[in-house]
Amino acid sequence: MHTDNSRHGHSLIRNHQHSERDSSELDLTNFLEKDDDEESSALEDVIAACLFYKTYTLNTGIYRRLKHIDDLSARHRDMVSSLGTIDKIKEAERLVRENQKFLQKLVYASSVGSTPDSENDQEAFRQWHKAFFEFRKASGRPPVVEHHMEKVYSTLKQFVRDWANEGKEEREQTYGPLLEALESEFAHVQPNQRGKLRVLVPGAGLGRLAYEICCRGFSSQGNEFSYFMLFASNFILNKSLVTNQHTIYPFVHQFSNVVCANDQMRKITVPDVLPSSLPFAESAEFSMTAGDFIEIYSAEDEKERWDAIVTCFFMDTAKNVLDYLDTMWSAMKPGAVWINLGPLLWHFDNVANESSIELTRDEFIELVKKVGFELDEKHFADCVSVSYTANDRSMLQYTYRAFMCVARKPHTKD
Ligand SMILES: C[S@@+](CC[C@H](N)C(=O)[O-])C[C@H]1O[C@@H](n2cnc3c(N)ncnc32)[C@H](O)[C@@H]1O
C-alpha cells in the first residue's frame, strides 16, 4: 500500500499466477536473478519496451522522416523546410525524449523506489537500468518487439482516456452509463452504507472506472493482467502527489490525419484528480489484483463474494467468452448484478495459433441467458456510440456502436 490511508490504497495485492509473490507491489528488484520463466520474460519485455521507447521511436519514426526530407531534391527540400516541417519533426524528437522521462518514472515506481527525485534515487535507477540492459543483452533476446512498442504508444493514450481532462467526454460516454446503472441498482442503499457492497471490475485498464465506483461509496476491486496497464495504474494511483503532476505527449507519434502541428505536439497532464485525496465513504475499500481474471476469480475463495461486476470493453477479450461468463457466475452472489458496456471486437479473431469463438451480439445475449443470467430488458441499449482512446483532433475518428446490458444472477437457478 502506498497511499497514506489504507482504505484508499491501490494495491497489487495478489498475483495469482505466482503465489510466491504476495507483496504490496510488483517486485521487480529480484526478477533479474530469476529463472527465465514465462512470467518474468513477459515482465522483462514490458520493461524493455518502456526503456527502449526513445531509441526505438527516434530510429523508426523521427530520424527516418528527417532522412526522407534530406533525400529530396534541393528544390523540394527547400519548399518543405519553408513550411516548418523539419522544425516540427525536431520538436517531435524533443517530446519523445520527454515521454521517455515519464516512462522511466513509471518503470521506476514499480521497481527501485517511489519516484526518482533525489540524486541518490536517480543514481539507484541508473544502476538498475544498466543492470537491466546488460541482463537483456546477455539473454540474447531482441531489445524490443514492434507490437510491444505499439502497446507503449497505446498506454500513453490510455492515460488520456482515464486520467486527463481531455478524456472527460470519452469517460462520460463510456463509464457514465455504467456508473448510473450501478447507482440505480443500489439506490436503496445509502452512500455511506455502500462500502459493504463489493464491486469487481475485470480488465480494469488504468483503473479509473474502478476508482469512480469507489468514489460513489462502493468497495471496488479492479483486476488486470497486462503489465503495461499495471505499471501505469500503479504509478498514477499510488505515486501521484498533486494533480497534473506529469506531462506526456501521447499524440506525438501520429503523423497522419493531423490538422496542425500543435495538435500533434499538444501536451497532456495527468492525473486530473488526485486519487488519494478524494473523499471515499468510510467503509469503501479500493484495490487492484494482478493476474488473469479466470484464474483468480474462478478460485474457491472467490465464490459468491461479489455484489456486482462491471465490465467495460472487456468481454471481447476472451478466447472463449463462456469461460468469462462461468467465472462471473461463480464469483457473483445470488441476486448480484452484472453491468456491461462494450463492442465485440474479438481480440483473438485471426490471431495465429490461438483459438477464438466469435459470437454476434445476438448470439452473445442468447448465451448470457443460457448460462442462467436474467437479462434486464429495460436496461438493454443496442447502440451506444463510444470511442476508445480517441484523439479528438484527428481527421480520423472511430466510433463504436457498442451495446450495454444489465443482467442478474437469480437467487436460485431453475
Ligand atoms: C480493451 S481494454 C479495456 C480497459 C478498460 N476497461 C477501459 O475501458 O478502458 C481490455 C483490458 O482487459 C485486460 N484483459 C484482457 N484479458 C484479461 C484477463 N484474462 N484477465 C485480466 N485482464 C484482462 C487487458 O489487459 C486490457 O487492459
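Predicted model: local features only at pLDDT ≥ 70, side-chain atom pairs only at ≥ 80, totals over all residues.

Visitor: Why does Tyr56 count as buried?

Guide: Count its neighbours. Tyr56 has 20 C-beta neighbours inside 10 Å. The cut-off is 20 or more, so Tyr56 counts as buried. Tyr56 sits in helix H2.

Visitor: Which residues is Tyr56 in contact with, leaving aside neighbours within four places in sequence?

Guide: Val144 and Met149. Contact requires C-beta atoms within 7 Å. Val144 is 88 residues from Tyr56 along the chain, and their C-alpha atoms are separated by 8.1 Å.

Visitor: Why is H2 called roughly antiparallel to H4?

Guide: Look at the angle. The axes of H2 (residues 53-70) and H4 (residues 85-109) cross at roughly 180 degrees. Angles over 145 count as roughly antiparallel, so the label applies to H2 and H4. Their axes also come within 10 Å.

Visitor: Which residues make that contact between H2 and H4?

Guide: On H2, they include Tyr53, Leu58, Ile62 and Leu66. On H4, they include Ile86, Ile89, Val96 and Leu103. By class, the contact has 10 nonpolar, 4 polar and 4 charged residues.

Visitor: What makes H4 roughly perpendicular to helix H9?

Guide: The angle again. H4 and H9 (residues 227-239) pack at about 85 degrees, with axes 9 Å apart. The range for roughly perpendicular is 65 to 115, so this pair qualifies. Leu106, Val107 and Ala109 in H4 meet Phe231, Ala232, Asn234, Phe235 and Lys239 in H9. That contact has 6 nonpolar, 1 polar and 1 charged residues.

Visitor: Which residues of helix H12 are buried?

Guide: In H12 (residues 321-331), they are Val321, Tyr324, Leu325, Thr327, Met328 and Ala331. They cover an arc of only 160 degrees around the axis, which puts them on the same side of H12.

Visitor: And what covers the buried residues of H12?

Guide: Strands E2 (198-202), E7 (306-312) and E8 (332-342) are part of the cover. Helices H11 (293-297) and H13 (361-371) are included too.

Visitor: How many residues surround the ligand?

Guide: There are 17, and the closest are Gly203, Gly205, Ser226, Phe293 and Thr317. Strand E3 (219-224) and H11 are the elements that give two or more residues to this shell. The shell divides into 9 nonpolar, 5 polar and 3 charged residues.

Visitor: Back to the whole chain. How many helices and strands are there?

Guide: The chain has 13 helices and 11 strands. Of its 414 residues, 39% count as buried.

Visitor: What percentage of contacts between residues at least 6 apart in sequence join residues at least 24 apart?

Guide: The figure is 74%.

Terms used
Residues numbered from 1 in each chain as written. Buried ≥ 20, exposed ≤ 12 C-beta atoms within 10 Å, placed from the backbone. Helix = DSSP H or I, 4+ residues; strand = E, 2+ residues; numbered from the N terminus. Arc of directions from axis to C-beta. Contact = placed C-beta atoms within 7 Å. Near = placed C-beta within 6 Å. Nonpolar A, V, L, I, M, F, W, Y, C, P; charged D, E, K, R; others polar. Axes fitted to C-alpha atoms, helices over the stretch in contact; angles between N-to-C directions. Parallel < 35°, antiparallel > 145°, perpendicular 65-115°, else oblique.
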